[in-house]
Amino acid sequence: MTRVRTRWRAGLALAGVTCAFLTHVAWREARAIDEAASGRERARLDGAIDALHDLGERELIRDEPGELALPVEHLARGAVLELALLDADGVAVAAAPTPAFMNRRQAGYAEVALARATMAEARHVRPGGPHGEPTLYVARPIHSHGLLVGFARAGIPVARIEATRSALLRLLAGISGLALVSAFGLAALARHRLSAPLRQMAAVAERMADGGEPSTPFTTRADELGVLARALAGMAGRLRERLEGIDAERTQLLAVLGGMVEGVIAVDRDDRVLHINKVAAQLLGVTASTSLGKPVWEVTRIPAIIEALGTASFDAPAREVQIATPERAYRLWIYSAPLRNASRKNMGAVVVLHDVTELRRLENLRREFVANVSHELKTPVAAISGMTDTMLDDEAMPAERARRFLQKIREQADRLAKLINDLLALSRLESADLEQLLPFARLDLRDPISASVEHARPVAQVKGLAFSIALPDEPVWVHGDDESLRQLADNLLSNAINYTPAGGSISLTLTRDGDHALLVVRDTGIGIDPVHHHRIFERFYRTDKARSRAQGGTGLGLAIVKHVALSHGGHVALESAVDQGSSFRVLLPLEGASAAPR
Amino acid sequence: MTRHFERDMMRLERELLAIAGMVEEAVLLAVRALIEHKVELAQQVIAGDRAIDLKEVELEEDGLKILALHRPVAVDLRFIVAALKVNNDLERIGDMAVNIAERTTELGARPSTSDRIERIRAMSEQVLKMVRTSLNALVRHDAVLARTVRQQDDAVDDHHRKMYDEMEQAVRANPETASEALRHLSVSRNLERIADLATNIAEDVIFMVEGDVVRHRLGKRAMAPVGSPEANERR
């Protein structure tokens with residue numbers, strides 16, 4: 001707005017100066033004209049008086065003046081004045097044009113009286129003429145040969161001498177006003193023609209800066225405005241392309257970062273968070289949006305991450321660290337690198353977090369498993385080789401003793417075989433499970449269970465255990481693998497038998513529970529301390545290593561039970577306490593049912 | 001705030017949080033080493049204490065330097081004073097963690113058979129939570145969060161008292177377990193001390209934010225939320 005006001009002021013100043021100049025010139029012109037006009041009238045008056053005077057001087061001295069009326073009338077008409085020639089007494093001798101001027105006694109008139117008194121030209125202004133307008137009367141005494149012979153008298157309306165002046169002034173005012181108005185008009189026009197398009201362009205540029213996309217006006221004009229407009233339009237187009245390109249890149253980058261499995265945190269030189277992706281926020285238990293812009297040490301206290309960011313360089317080795325959130329403990333693999341801008345200056349650092357918890361856990365499991373297996377395998381093998389060595393060394397061993405040794409070797413070999421079988425079974429289950437290759441068929445659950453029961457019953461009896469079975473009367477149809485289910489029942493029953501001292505009892509019941517089959521194997525044996533419950537289904541886990549190995553257990557029985565249950569879409573649960581027996585419950589979905597709830 | 005002052009203050013806060021992170025990690029590791037019987041982890045904790053001690057000294061010097069150079073007032077002064085106190089408390093927590101780690105190395109890799117491990121596990125979870133909450137309150141300058149820490153201290157004291165009783169019973173029943181029991185008791189005491197120090201840190205945060213010194217005020221009034229009936233009781 002100030003710009004416009006300035007332009008107004010400039011226009012005003014220009015118009016004012018122009019006006020003042022014009023007015024001054026016109027004023028001087030008017031005065032000159034005015035002077036000229038009134039000068040002419042005065043000259044006319046004086047000329048008429050002079051002529052009248054000369055006439056009077058010539059004729060009034062005679063006793064018989066000549067014909068004066070005509071010359072006086074002639075003069076009056078020529079000068080457009082009232083004229084009168086008076087004798088020495090002030091009586092009109094001749095007058096023109098109006099008859100009123102013929103009034104005979106004119107000596108009383110002021111100018112005549114004054115002329116007579118002063119013997120010089122006298123003037124008087126008083127109302128006169130046909131309308132009573134102010135009139136200037138002049139009287140000049142006429143002398144001839146030293147004698148006053150008369151007066152020359154003239155009258156002229158005052159307005160005639162000044163009329164030109166006021167008319168001219170009105171004209172002058174009119175011209176000035178016109179000049180002022182046209183100056184303003186031209187200035188406004190110029191302003192409009194020049195600055196309005198510029199302001200329009202400025203408005204367009206502003207809208208572009210705000211992200212709008214108005215079309216540029218004036219691009220087709222041939223003058224400088226058109227050049228400017230075309231340049232602006234071109235710039236707008238190129239800017240838009242670049243911005244779109246940057247936006248697209250940014251969206252891509254964010255999508256890449258957002259879709260990564262690893263967590264990414266980027267900080268600037270002041271250690272403020274530039275970017276933190278979803279996974280990183282989850283790992284650290286923060287929200288990405290509230291962490292942006294904060295110093296990184298307010299977002300996380302994990303020393304390893306802060307150090308990694310602080311010492312980021314391309315050669316820094318990755319480090320692994322354990323962190324714990326209230327929900328779980330993680331192992332994170334942390335890799336950091338510096339952030340460099342286009343001119344290779346350090347702008348900050350970025351750190352990548354990889355959750356290797358599961359990886360390490362599996363590695364640990366595998367390590368433990370291998371250690372366990374080799375230990376389990378070594379023991380019977382060592383026993384066998386020990387005993388065969390003894391036999392080989394002692395050539396004279398009595399047959400009975402030899403027989404006992406061979407018996408022991410047989411037992412160990414059996415044990416080894418059982419272990420290897422169990423291992424194979426478990427590994428088959430696991431790999432088949434992974435690829436879902438187990439040969440499932442529709443079968444009656446009572447069949448594998450009955451088979452297992454029949455196998456276990458004599459063993460229980462021999463040990464002096466009460467054995468009770470309860471199976472339903474109708475078939476219990478499931479989708480499964482007969483062999484695995486037999487193994488499941490076998491393992492549960494053999495555990496029950498092994499861990500229940502003589503005089504105790506074992507019971508197996510198979511019932512329907514909603515759309516699941518429920519198999520419960522209960523014993524009154526030594527029970528399992530709740531401390532071990534969450535680990536007892538692990539491979540080779542034993543509550544008391546000494547006792548269970550002595551009984552020939554492989555440590556894999558329950559692992560197989562759990563795995564069979566899981567691969568059939570069911571699960572197994574345990575209730576037990578020390579010296580209060582154990583109860584294993586296996587839930588399996590009936591055919592047509594969905595997987596069992598956990 | 002001149003730029004130098006602002007930069008020094010930021011550095012102080014960053015270092016304070018760095019030592020907080022180190023101490024938090026030490027406590028985590030010490031607890032884990034104890035519960036999982038991992039002697040190497042315990043040794044890691046013991047070895048890492050030197051860095052914590054060095055950092056404490058460094059931080060104290062930086063804090064005093066700021067006080068001398070910039071002579072801050074009002075909220076800035078409270079921040080520095082609180083930071084120096086929290087710094088000391090953190091270093092002491094670090095020492096407690098070392099104590100726990102030493103007990104772990106003495107106990108060795110033998111798994112414990114007693115229930116006490118469960119109580120220690122529960123206690124240490126509570127203590128870790130208190131430490132984490134008080135440090136979160138410090139980061140966020142959140143006095144409301146800080147006040148919740150004191151309420152959790154009672155549960156820890158309760159655990160510790162029960163440990164005493166259980167110790168006594170266990171040793172009476174089976175004098176063989178005395179050596180293990182004594183070490184468990186020491187761990188419990190150290191955990192209880194860590195909880196107290198976490199409460200101290202929370203009190204320092206309240207001072208920093210509100211200018212109110214709530215130490216040693218009797219009972220619930222001190223840590224009650226502002227405006228609650230307990231806070232308005234006459235002393």
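**Cores, contact and hairpin in a predicted model**

Colleague: Which residues have the most contacts inside the largest nonpolar core?
Modeller: This is a predicted model. Its largest nonpolar core holds 85 residues. Those with the most contacts inside this core are Val27(B), Ala30(B), Val45(B), Ala97(B), Ile194(B) and Val205(B).

Colleague: With which residues is Val45(B) in contact, leaving aside its neighbours within four places in sequence?
Modeller: Contact here means C-beta atoms within 7 Å. Once neighbours within four places in sequence are left aside, the partners of Val45(B) are Ala26(B), Leu29(B), Ala30(B), Ala33(B), Ala97(B), Val98(B) and Ala101(B).

Colleague: Where chain B touches chain A, which element gives the largest share of the side of chain B?
Modeller: The contact takes eight residues from chain A and 11 residues from chain B. On the side of chain B, the elements giving two or more residues are helix H1 (3-36) and helix H4 (116-140). The largest share, nine residues, comes from H1(B).

Colleague: Which residue in the turn between S16(A) and S17(A) has a positive phi?
Modeller: S16 (residues 571-576) and S17 (residues 582-589) of chain A run antiparallel and are joined by six bridges. Leu574(A) stands opposite Phe584(A) in S17(A). The two strands form a hairpin with five residues between them. The turn residue with a positive phi, about 65 degrees, is Asp579(A).

Technical notes. Residues are numbered from 1 along each chain as its sequence is written. Chains are lettered from A and ligands numbered from 1 in the order in which they are written. This is a predicted model: local features need pLDDT of at least 70, side-chain atom pairs count only at pLDDT 80 or more; totals for chains, interfaces and linings use all residues. Two strands pair if DSSP finds at least two bridges between them. Helices (H or I, at least four residues) and strands (E, at least two) are DSSP runs, numbered from the N terminus. Two residues are in contact if their C-beta atoms, placed from the backbone, lie within 7 Å. A nonpolar core is a set of buried Ala, Val, Leu, Ile, Met, Phe, Trp, Tyr and Cys residues joined through C-beta atoms within 7 Å. A residue is buried if 20 or more other C-beta atoms lie within 10 Å of its own, exposed if 12 or fewer, and partly exposed in between; C-beta atoms are placed from the backbone.
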